[in-house]
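Welcome, and thanks for taking a look at this one with me. Let's walk through its surface and a few backbone details together.

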Amino acid sequence: SRTSLLYQNASWMMARWTAGLLDANAAQTDAWEAIFDDLVTQHREQLLPEVVGLLASLEAQVHAGIDARQLGCWLAAAELSYQRHAALVVPAAVQVLQGIGPGQIAHLQAELAERNEEYRDDMLFADPGEQEDARVARYLERIERWTGELTEPQQQLLRQEVAGLPDVARPWLDYREQQQAGLLERLRAPSTAAELAHYLSVWWVDAGRRPPQLVEASSALRAGLPRLIGILDASLSDKQRAHVLEQIGDLRSGLEAQHAGARAPDPPTAGICTDAKDGPPAA
């Protein structure tokens with residue numbers, strides 16, 4: 001019910017979040033909510049069924065026990081779904097951004113700078129040990145949302161596996177700031193709708209313009225995640241596994257209730273891996 005409530009109010013929440021980011025007036029906020037209403041309708045018809053399918057597939061994998069290669073296929077399918085979501089958002093973002101003035105662009109710049117500073121405070125530390133501790137704590141927090149509390153041996157296992165994964169926090173912030181600067185430059189120019197759409201698509205959909213070291217580290221991180229998840233899955237108690245299944249099932253059922261009558265898509269993993277033995281496509 002919580003998921004259903006959030007989805008039903010998604011356009012209102014997006015409009016308010018955007019209004020804060022851009023210091024919008026009441027007329028803009030109302031106009032943007034209409035844009036986001038259309039966006040949610042498109043999402044419900046075009047993409048929500050595949051999200052439900054992905055969750056159902058993951059639910060089945062957790063129930064049976066995670067296989068790292070099969071999970072790699074699922075992650076590849078989820079990445080493609082993410083790209084389709086980002087592509088859906090771009091036209092709405094362009095509509096919003098083309099309607100803001102110089103003062104709002106300056107407000108956006110200040111908001112982005114503040115959020116980047118918060119990122120630095122939370123994610124980046126001069127001391128390598130502190131940086132690693134913070135990294136492990138972030139992984140632990142995200143995992144325990146799904147599993148409930150991990151035991152001490154599980155936490156040690158997590159620390160050991162995280163140590164073998166690349167830390168992309170600093171290069172990712174550099175990339176994000178680079179892309180934000182490019183967006184602000186184009187807003188001040190100003191740019192045409194097509195130019196803005198192209199810039200956002202390359203950034204949000206393709207993760208383009210990344211430096212080679214970030215591309216390499218991101219690929220290594222993506223390749224290592226199935227092993228990490230598989231090892232943790234094998235360590236789950238019956239209670240923890242039931243908690244994971246409950247969390248995924250609640251999310252799936254809440255979203256499933258929102259797409260009745262929507263066009264059924266191809267299976268989420270179609271064209272990715274026909275068999276777990278094939279493994280995911282090369283990064």
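Which residues form a negative surface patch? They are E114, E118, D121 and D122. Keep in mind as you browse that this is a predicted model.

## The negative patch

Let's start with one member of that group, E114, which sits in helix α6, a helix covering residues 102–123. E114 counts as partly exposed because its relative accessibility is 44%, and partly exposed residues fall between the buried limit of under 20% and the exposed limit of over 50%.

Now for the backbone. P190 is located in the loop that links α9 (169–188) with α10 (193–205).

## Positive phi angles

The loop between α10 and α11 (212–235) holds A207, and R209 lies in the loop between α10 and α11 as well. Each is a residue other than glycine with a positive phi: the value is near 50° for A207 and near 70° for R209.

How accessible are they? A207 has 23% relative accessibility and so counts as partly exposed. R209, at 33%, is likewise partly exposed.

Key
Residues numbered from 1 in each chain as written. Predicted model: local features only at pLDDT ≥ 70, side-chain atom pairs only at ≥ 80, totals over all residues. Heavy atoms only, no water. Patch = residues over 30% accessible without salt bridge, like charges linked within 9 Å, V, L, I, M, F, W, Y side chains within 5 Å. Areas by Shrake-Rupley, 256 points an atom, 1.4 Å probe, with all protein chains shown as cover. Salt bridge = Lys/Arg side-chain N within 4 Å of Asp/Glu carboxyl O. Lys, Arg positive; Asp, Glu negative; His and termini not counted. Charge placed at Lys NZ, Arg CZ, Asp CG, Glu CD. Helix = DSSP H or I, 4+ residues; strand = E, 2+ residues; numbered from the N terminus. Buried < 20%, exposed > 50% of the residue type's maximum accessible area, 1.4 Å probe, protein only.
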